[in-house]
Amino acid sequence: MSIEPAAFEALQSLFIGFAFAGLLASAFELFTQQRADFRLLQSGGFTAVASVPVVVFSAPFLILRNTVRGRRIEGRPFMFVMLASMIASLWSMASGRVVLDLLHLLGGA
């Protein structure tokens, strides 16, 4: 069984994106004692500007965390959960590609 190189790169980007999103959100919570959330952007001023990279790269994790909690607590419909998961996956693939490109650039490969 073989996998096309383009499909392998897409899967690699997807997995790296989700892993980096979870790592970044968890590290943010560890160092700030504050939960990573989209509301960080509403604080205004320097805090909002400084939190943009955190929110952008941890967004797939935040979307899925909020969606699962919404499904469990509010009973959101399955189609909403599926759509949010698809959005988080596409976002994860894009941010994973950026992370992989940065790693390749830093590694000189």
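Trainee: How many helices and strands are there in the protein?
Mentor: Helices (H or I, at least four residues) and strands (E, at least two) are DSSP runs, numbered from the N terminus. This is a predicted model, in which local features need pLDDT of at least 70, side-chain atom pairs count only at pLDDT 80 or more, and totals for chains, interfaces and linings use all residues. Residues are numbered from 1 along each chain as its sequence is written, and side-chain values use heavy atoms, with hydrogens and water left out. From the N terminus on, the elements run α-α-α-α, and the count is four helices and zero strands.

Trainee: Which residues form the aromatic pair, and what is the angle between the planes?
Mentor: Rings of Phe, Tyr and Trp (its six-membered ring) pair if their centres lie within 6.5 Å; planes under 30 degrees apart count as stacked, over 60 as edge-to-face and the rest as tilted. The structure holds one aromatic pair. Phe 20 and Phe 57 form this edge-to-face pair, with 6.0 Å centre to centre and an angle of 85°.

Trainee: How many residues apart in the chain are Phe 20 and Phe 57?
Mentor: Phe 20 lies in helix 1 (residues 5-32) and Phe 57 in helix 3 (residues 52-74). The pair therefore links distant parts of the chain, and the separation is 37 residues.

Trainee: Is Phe 57 buried or partly exposed?
Mentor: Buried means under 20% relative accessible area, exposed over 50%, and partly exposed in between (1.4 Å probe, protein chains only). Phe 20, at 29%, is partly exposed. Because its relative accessibility is 22%, Phe 57 counts as partly exposed.
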